[in-house]
Amino acid sequence: MPTNTHHTAQHYADVIVPLSVPLLYTYAIPEDMPVQVGSRVVVQLGKRKMYTAIVHSLHTNKPANYEVKEIHSLLDTQPIVTEKQLQLWDWIAQYYMCTRGDVMKAALPAGLKLESESLLYANPAFAHAHTLTNAEELIYTVIHQNTGITLTDVQKLFPSEAVIATVQKLLHSGIILTGEKLLQGYKPKIEIRYRLPQVESLETLVNTAFESLSNAPKQQSAFLAFLDIHMKSKNPNFSISRKDLLVQTAVNLQIVNELVKKGFLKEFDTTRSRIDTENTETNAAKQLSVAQQSALKQILTSFQTHNVCLLHGVTASGKTEVYIHLIQHMVAQGKQVLYLLPEIALTSQIIVRLRKVFGNTVGVYHSKFSDNERVEVWNNVLAGNENSYSIVLGARSSVFLPFHNLGLVIVDEEHETSFKQYDPAPRYNARDTAIVYARMFGAPTLLGTATPSVETYHNVQQHKYALVELTERHSQVQLPHIEMIDLKIARKQKRMYDSVFSRQLIEKMDELLREKQQIILFQNRRGFAPYIECTACGHIPKCKHCDVTLTYHKGTNSLRCHYCGFSQKHRLSCVACGSSSVEQFGFGTEKIEDSLREIFPEKRIQRMDLDSTRAKNAYTEIIDAFEQREIDILVGTQMITKGLDFDNVGLVGILQADSLLNMPDFRSFERAYQVITQVAGRAGRAQKQGLVYIQTYNTSHEVLRAVQQHNFHEFIQRQIAERSAFAYPPFVRLLRISVKHKDQHKAEDAARTLAAHIRALQGITVVGPEYPLIARLQMLYIQEILLKIPRTQSLEQVRRVVAQAIQTLMAQPQFKGTVCVCNADPY
């Protein structure tokens, strides 16, 4: 009798690898491997390279053009990336003209990725803290003895297919570290804890301890104290941290160590979660004013007809309190909320306010976190259970988190350029990406700011976005009084100090400092001096990799490039002619701080810029100190302009407004208005009207007049009219293509060839190629092509033509080594 043989169809997975490759790779799924969309799998690419990939889709269509390899191993029993996230990744890759691999690299914390060239290190904190299987111990020993070994080399030593899974398990446990983690200064949060040893009878243990410790009364007393805490806990598995034990029993560590040595206490290490799980006392949200209540009601009503609402409130109008009540409304419905901020510095202030109301249901996610901290937050959000965060507060990268039930997105300070990523790809705008992500959930987005961007306000005028306004400061506090200081007159009358401060500004600072008020000074340039010059021969030190002058940093006595990081020691004599006539020109935050210490030697002065906030908690420490009035004068760059709330700032000084106004960019006036208004808004936020001094050579400038008169509407209408007349966003879309090469002539030839291909497309305006403001960066010469695309033009068609033109260019041998970078909405 014939036998019926049933053949199961071969299944395949299309996967995303963390590389800048345009297509998905297809792999065969081994039988009995429960692969799901969104899971991580280990795949081989080429002869020896192994990568962690994300499963994008499943199917039964065998590729015809190449031999399909099998998936090496499955890392997850449950997906770590949701289907909505994958949809978002697809949209980002398409709109911002990058690859899905680029998006994957930006979206996933490094701890969830593992590549063949990943460097592996033993974690000394875990050397004796875990019981390992034979396979784990073998691999750990090799990594411990060969610090910085690559995953590829480990695979050569252990040909077993389980090697990657074992390494992944050791990484997840924190027993070994990847090179990336080590570079970030990563250290697992190890906590030493104590518990009673496991015995059949607690009574026998206690009696034995009493007898053995009869001649050691301090040890006996310490054991009794521990026993008392243990019994009160009513938990048979009770343990206590070393810190808490020493505090609660008032004994020293030597006594505790003796109890461990004698076997009456058991010491063990544990990795403490970086997620704050301690119970936080919560209070009811503050009562809203009449204006705030009206705004909240209007926002909720607008969500019935619009996906996006703009909350335009003047500085200190109480927008954050409106956000809190809106979040309460959404959380009560079981929804998740994403609260986006442009600057990591802001999270420290906002998190305190949110946790006072919502406790530990609020999570924080941003790039200053170590990799393991980000993995912990990712997994918490992914779990989607009662212990998951209801609210996530974060900078732009938090838009990639795996939400399950997103009900609201809040984008605070929506105008900020910090929401745009410029390098590396994906060059996305987190504000626009968040709006798209929210729509996938059917959730609304609230954009909040005192200075809306031109494109956002234009969308309001086109009725695409709803508008709600808060026109007065909370508690009827007046908007700050703004005065102009004419630097032309001040210099002519010799009323300047150190070429930085007008006498009028210094006198007012002295007056307010005597009244115990605090002062903020703004200068949008870090370092001591933008450049130095030999007055004998005219030599100016420049970066050897970029076409920029080197900035002088007095603290390190070095000349630095702020674009590539190149640095050299500052010499007192000219390197070109040997003359000692070397002078500094211009001023940055470091020089301002230095000068202030001479003028006000007894005052507490702090600088807040990229150089002073490199450490993880530096932002928080500076902001907390200023809040606690431990700092009298805070000097800073744009970091101090972004929504920070201080109640004792009597004066804000803007030291060089003209540098903001004279940038060669179509958005320079808009940016200048936003920055000056925002930094001015830090003044007088509590009870009395604040004061703002703006130092400028052009007191009649239209932007400065608009800021002084608090006349946003007239200013924005003028900007919209100018954009319309000269065909700039929001009336057209911009796509900037940067063509880069080490050889200047090849960069020019490649750019001309590419522009000629693109000009064949009808309906768009092609500007360039031209050199940008800085024509060479990191040894590469740059040519830029700007495409102005009408709103009526098919964006998909333009992307396709550009991609084909770049592909054609790169295929030509004479353009080998050329780099082409596409940047959609490059502003």
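Keep in mind that the model is predicted.

Five strands make up an open sheet, and reading across, the order is E2-E1-E4-E3-E5. The pairing is antiparallel. At the edges stand E2, residues 25-28, and E5, residues 73-74. Each of these has a single partner strand, so one side of each has no neighbour in the sheet.

If you want a position to look at, find Val42, which sits opposite Ser73 in E5.

H1, residues 83-95, touches strand E1, residues 12-16, and strand E4, residues 49-59. The direction of H1 makes about 105° with that of E4. H2, residues 100-107, also touches E1 and E4, and its direction makes about 110° with that of E4.

Now the other sheet. Here 3 strands form an open sheet in the order E7-E6-E8, again with antiparallel pairing. E7, residues 149-150, and E8, residues 176-178, are the edge strands, each pairing on one side only. E6, residues 119-122, is joined to E8 by 3 bridges, and the two run antiparallel. Within that pair, Ala122 stands opposite Ile176 of E8.

This sheet also carries helices. H3, residues 134-145, packs on it and touches E6, E7 and E8; the direction of H3 makes about 95° with that of E6. H5, residues 163-173, packs on the sheet as well, touching E6 and E8. For H5 the angle is about 95°, taken against the direction of E8.

Last, the cysteines. How many disulfides does the structure hold? The count is 0. A disulfide, in general, is a covalent bond between the sulfur atoms of two cysteines. Cys546 is in no disulfide, and the nearest cysteine sulfur, that of Cys564, is 3.8 Å away. The cut-off used here is 2.5 Å between the sulfurs. Cys577 is in no disulfide either; its nearest cysteine sulfur belongs to Cys534, 3.7 Å away.

Are these two cysteines buried or exposed? Cys546 is buried, at a relative accessible area of 1%. Cys577 counts as partly exposed, at 42% relative accessibility.

Methods
Residues numbered from 1 in each chain as written. Predicted model: local features only at pLDDT ≥ 70, side-chain atom pairs only at ≥ 80, totals over all residues. Heavy atoms only, no water. Pairing = 2+ DSSP bridges. Helix = DSSP H or I, 4+ residues; strand = E, 2+ residues; numbered from the N terminus. Contact = heavy atoms within 4.5 Å. Axes fitted to C-alpha atoms, helices over the stretch in contact; angles between N-to-C directions. Buried < 20%, exposed > 50% of the residue type's maximum accessible area, 1.4 Å probe, protein only.
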